[in-house]
Amino acid sequence: MRTLQLCAAAGALAWHQAAASSTLPPTTGPYHVGLQKHAVPFLNEADPVWPSNISTSFLVTIYYPTKQKPEAHDQERPYLDPATAALYEDLYNLTAGELSTITSPGLILDADPIDYSSSSLLPPTLFFGPGGGGPPSECYTTLLSDLASHGYTVLAMDHAYEQPFVRYPNGTGVYGLPILYPWTESMALAAQSARVQDAMALLDYLPTLEADTKVQLNQTHVGIFGGSLGGSAAAATLLAAQQQQHNTSSLDKQQSSFRAGINMDGTFFGPLADVGQPFLVLGQEGHGVPSKESLNDATWPAFASVQKTAYWRWVNLKGTLHHDFSDIGYWKELVPAIVERDGRVGPISGERLVEIWRAYMRAFFDLALMGRNTEDQHSLLDEGVDAEWPEKMWEGGGGSLT
């Protein structure tokens, strides 16, 4: 029986309990999950959203594997910052507490990291970027914590003043653009440029981050992914790293630390080119497909057309809409009013959505960053119909990693 089938069967009762108690779905990996926040100092004198257009830092939330067991207070702690929860409760006209009381089982603040010093294998590091103007990274905990439970260390980057709200580790809260801010293409390009600079700075900052947090970080095998604008920024970061490598003298040239990327349902902004690394485009039903006029995003087929040198896949998921690629896709199970008041969540159940979403992220990064090759990966990532994954709508792909 397939690994994912076993995980699903073993976790059926836990899924039911999560839905009944306003709790996010339990993670599926062998590890518990620690969480730390860190402010990364970085000066950008052309920032599109900071006061006076000068930014001095960005926020990184670290989701990492730990063997430390959660205590009762870890299980009962609401996972959203109260200010973030209040913003989305207001957006959906919900009663106070409907989102702010949701918990995330087993998420342990400042847990002891795993010591890999005696191991020859340090799991890859993943950089994550949320959607432009929200929801912020904490609203992707369902996915990010699950990746950490399987051994990945995830560094979620939030750009202050762009996200509707972020709270720094010293307690300072920063309100940013309104959730319904009227984004323009020029604004998206400027925000993406800032995101790319953040990611490149974070890559250089990894040794300091490791020393400060004691979380051991793989600095040579790094994946980058994101939702919406964060997905486009992932591709743009791979291109920036490629250009930086091209500009490096032959004596100092090394393979880029960025080895793979994923765009979750985001329009691509900026010049499109071959990213030169394995890449997955994962979207809502019909995204980028010409026959779906309302979702005929020309940047998706254009991106696909210029991928020439590395493995790439384009898969859409039946029954999903844009906000299903965040925790909002599961909130709809806990607070059904969100379905009508959001308008961008699809008919797929929250439980099934999370199962598929997590499976795709792990399957791709396991293959691209660790060389793991399983039957599940072929079912999810290769062309063809599979009874286990009827939601898969394979739109294209090329290259091979096997």
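This note walks through a predicted model, point by point, from its strands to its pockets, cavities and backbone details.

1. **Ground rules.** Since the model is predicted, local features need pLDDT of at least 70 and side-chain atom pairs count only at pLDDT 80 or more, while totals for chains, interfaces and linings use all residues. Residues are numbered from 1 along each chain as its sequence is written, and side-chain values use heavy atoms, with hydrogens and water left out.

2. **Strand β8.** Helices (H or I, at least four residues) and strands (E, at least two) are DSSP runs here, numbered from the N terminus.

3. **Neighbours of β8.** Strands count as paired if DSSP finds at least two bridges between them. β4 (residues 125–129) runs parallel to β8 and is joined to it by 5 bridges, with Phe128 opposite Phe225. β9 (residues 258–264) is also parallel to β8, through 6 bridges, and here Gly227 stands opposite Met264.

4. **The largest pocket.** On a 1 Å grid over the protein atoms alone, a cavity is a set of points where a 1.4 Å probe fits but cannot get out, and a pocket is an open set with protein on both sides within 12 Å along at least five of seven lines; lining residues have an atom within 4 Å of a point. Grid points are joined across faces, edges and corners, and a volume is the space filled by probe spheres set on the points. The largest pocket holds about 750 Å³ of space. It is lined by 38 residues, and Gly132, Ser228, His322, His323 and Arg344 are the closest to its centre. Helices α4 (82–91), α6 (185–213) and α10 (337–342) each give at least two residues to this lining. By class, the lining has 16 nonpolar, 16 polar and 6 charged residues; Ala, Val, Leu, Ile, Met, Phe, Trp, Tyr, Cys and Pro count as nonpolar, Asp, Glu, Lys and Arg as charged, and the others, Gly among them, as polar.

5. **The second largest pocket.** About 500 Å³ of space lies in the second largest pocket. Its lining has 27 residues, with Leu35, Lys37, Tyr79, Leu109 and Glu138 closest to the centre. At least two lining residues come from each of β1 (32–44), β2 (55–66), α4, β3 (107–109) and β6 (165–167). The lining divides into 14 nonpolar, 6 polar and 7 charged residues.

6. **Cavities.** There are 2 cavities of 30 Å³ or more. The largest cavity has a volume of about 100 Å³, and among its 15 lining residues Phe128, Gly129, Met157, Arg195 and Ala233 lie nearest the centre.

7. **Arg352.** This arginine is found in helix α11 (residues 350–370) and is buried at 18% relative accessible area. The Arg352 side chain reaches the backbone oxygen of Glu388 at 2.7 Å. Beyond its neighbours within four places in sequence, Arg352 is in contact (heavy atoms within 4.5 Å) with Glu388, Trp389, Pro390 and Glu391.

8. **Helix α5.** Because 9 of the 9 residues of α5 (residues 141–149) are buried, this helix is largely enclosed by the rest of the structure. Just after α5, Gly151 has a positive phi of about 110 degrees.

9. **Backbone details to look at.** The Gly134 to Pro135 peptide bond is cis, with omega near 0 degrees, and Pro135 sits in the loop between β4 and α5. Which phi does Ser52 take, although it is not a glycine? Ser52 has a positive phi of about 60 degrees; it lies in the loop between β1 and β2 and counts as exposed at 67% relative accessibility. Tyr161, also not a glycine, has a positive phi of about 75 degrees. Tyr161 is in the loop between β5 (153–158) and β6 and counts as partly exposed, at 25%.

Notes:
Buried means under 20% relative accessible area, exposed over 50%, partly exposed in between (1.4 Å probe, protein chains only). A polar contact is a pair of N or O atoms within 3.5 Å; within protein, one must be able to donate a hydrogen and the other to accept it, and residues adjacent in sequence count only if both atoms are side-chain atoms.
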